[in-house]
Amino acid sequence: MSTIVSRDDADESGFEDSLDYVTVFIDEQLLGLPIGRVQDVFIATRITPVPLAPREIVGLLNLRGRIVTAISMRERMGQPSAPPSPGEGERELVAVGIDQGGEAFALIVDKVGEVMRLERSTFEPVPIHLDRSWAGVAKGVHRLQDRLLVVLDVDAILRIELPVAA
């Protein structure tokens with residue numbers, strides 16, 4: 001998924017002046033994950049719940065023989081759970097695979113969009129009026145023609161507070 005670009009190529013093609021994102025959606029909100037952090041995009045069907053886990057952790061899944069912790073981006077961003085579809089049995093969940101320190105994570109989102117390349121000059125800091133639960137997992141924003149792209153901070157997303165045992 002990654003392309004190796006030499007320093008000379010980057011200068012000629014303008015790569016250094018742009019930022020690349022894999023876009024995802026929670027409801028209708030467009031979110032961007034830095035492309036360098038994304039390993040996979042896949043559908044997860046069999047997730048094993050983890051007793052006493054924080055609400056954000058949906059459970060564990062097996063991805064090509066590797067145990068992956070599934071995190072609900074809806075829960076992580078303080079959004080209500082998606083209503084079940086009528087006649088829904090075993091639900092397919094859209095997931096974005098992320099690696100952090102040798103551990104694998106799946107960020108469960110509503111849907112995946114496209115890869116988007118935006119000019120570095122259009123990146124802005126997190127607006128002060130952005131909801132606190134969103135601001136806590138955002139790096140900044142890009143104002144697009146018809147909407148706002150919230151750039152997610154993968155490190156902040158994975159910093160989930162675990163309950164302390166008594």
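A salt bridge here is a side-chain nitrogen of Lys or Arg within 4 Å of a carboxyl oxygen of Asp or Glu. By this rule the structure has nine salt bridges.

## Basis of the model

This is a predicted model, in which local features need pLDDT of at least 70 and side-chain atom pairs count only at pLDDT 80 or more, while totals for chains, interfaces and linings use all residues. Residues are numbered from 1 along each chain as its sequence is written, and side-chain values use heavy atoms, with hydrogens and water left out.

## Overall make-up

The secondary structure of the chain comes to four helices and 11 strands. Helices (H or I, at least four residues) and strands (E, at least two) are DSSP runs, numbered from the N terminus. Of the 166 residues in the chain, 39% are buried. Buried means under 20% relative accessible area, exposed means over 50%, and partly exposed lies in between, with a 1.4 Å probe and protein chains only.

A contact is a pair of residues with heavy atoms within 4.5 Å. Among contacts in the chain between residues at least 6 apart in sequence, 59% join residues at least 24 apart.

## Nonpolar cores

A nonpolar core is a set of buried Ala, Val, Leu, Ile, Met, Phe, Trp, Tyr and Cys residues joined through side-chain atoms within 4.5 Å. In soluble globular proteins, nonpolar side chains tend to be buried together. The largest such core in this model has 27 residues, and those with the most contacts inside it are Leu 31, Leu 33, Met 73, Met 77, Leu 107, Leu 152 and Leu 158. At least two residues of this core come from each of strands S1 (18-26), S2 (29-34), S6 (93-100), S7 (103-109), S10 (138-143) and S11 (148-152), and from helix H4 (154-158). A second, separate core has 12 residues, including Ile 47, Leu 63, Ala 70 and Ala 106.

Beyond its neighbours within four places in sequence, Leu 107 is in contact with Leu 33, Ile 71, Met 73, Val 94, Ala 95, Val 96, Ile 98, Ile 157 and Leu 158.

## Strand S7 and its partners

Strand S7 is mostly covered, with six of its seven residues buried. Two strands are taken as paired if DSSP finds at least two bridges between them. S7 pairs with S5 in the parallel sense over four bridges, and Ile 71 stands opposite Leu 107 in S7.

S7 also pairs with S6, in the antiparallel sense and over seven bridges. Ile 98 has Phe 105 as its bridge partner in S7. S6 and S7 form a hairpin with two residues between them, and Gly 101 in the turn has a positive phi of about 60 degrees.

## Gln 100

Gln 100 is in strand S6 and is partly exposed, with a relative accessible area of 28%. Leaving aside neighbours within four places in sequence, Gln 100 is in contact with Arg 37, Phe 105, Asp 155 and Leu 158. Leu 158 is 58 residues away from Gln 100 along the chain, yet their C-alpha atoms are separated by 8.4 Å.

## Salt bridges

Arg 117 forms a salt bridge with Asp 20, and their closest N and O atoms are 2.8 Å apart. Arg 117 lies in strand S8 (residues 111-119) and Asp 20 in strand S1, so this pair ties together parts that are 97 residues apart in sequence. Arg 117 is partly exposed at 48% relative accessibility, and Asp 20 is partly exposed at 23%.

Arg 64 and Asp 40 also meet in a salt bridge, at 2.9 Å from N to O. Because Arg 64 lies in the loop between strand S4 (57-63) and strand S5 (66-72) and Asp 40 in strand S3 (residues 38-44), the pair ties together parts that are 24 residues apart in sequence. Arg 64 is exposed, with a relative accessible area of 65%, whereas Asp 40 is partly exposed at 22%. In a further bridge, the side chains of Arg 143 and Glu 124 meet at 3.0 Å, N to O. Arg 143 lies in strand S10 and Glu 124 in strand S9 (residues 123-124), so parts 19 residues apart in sequence are tied together. Salt bridges that share partners also join Asp 27, Arg 74 and Asp 110 into one network.

## Charge over a ring

Lys 111 lies over the face of Phe 25, at 4.8 Å from the ring centre. A charge sits over a ring if NZ of Lys or CZ of Arg is within 6 Å of the ring centre and within 35 degrees of the ring normal.
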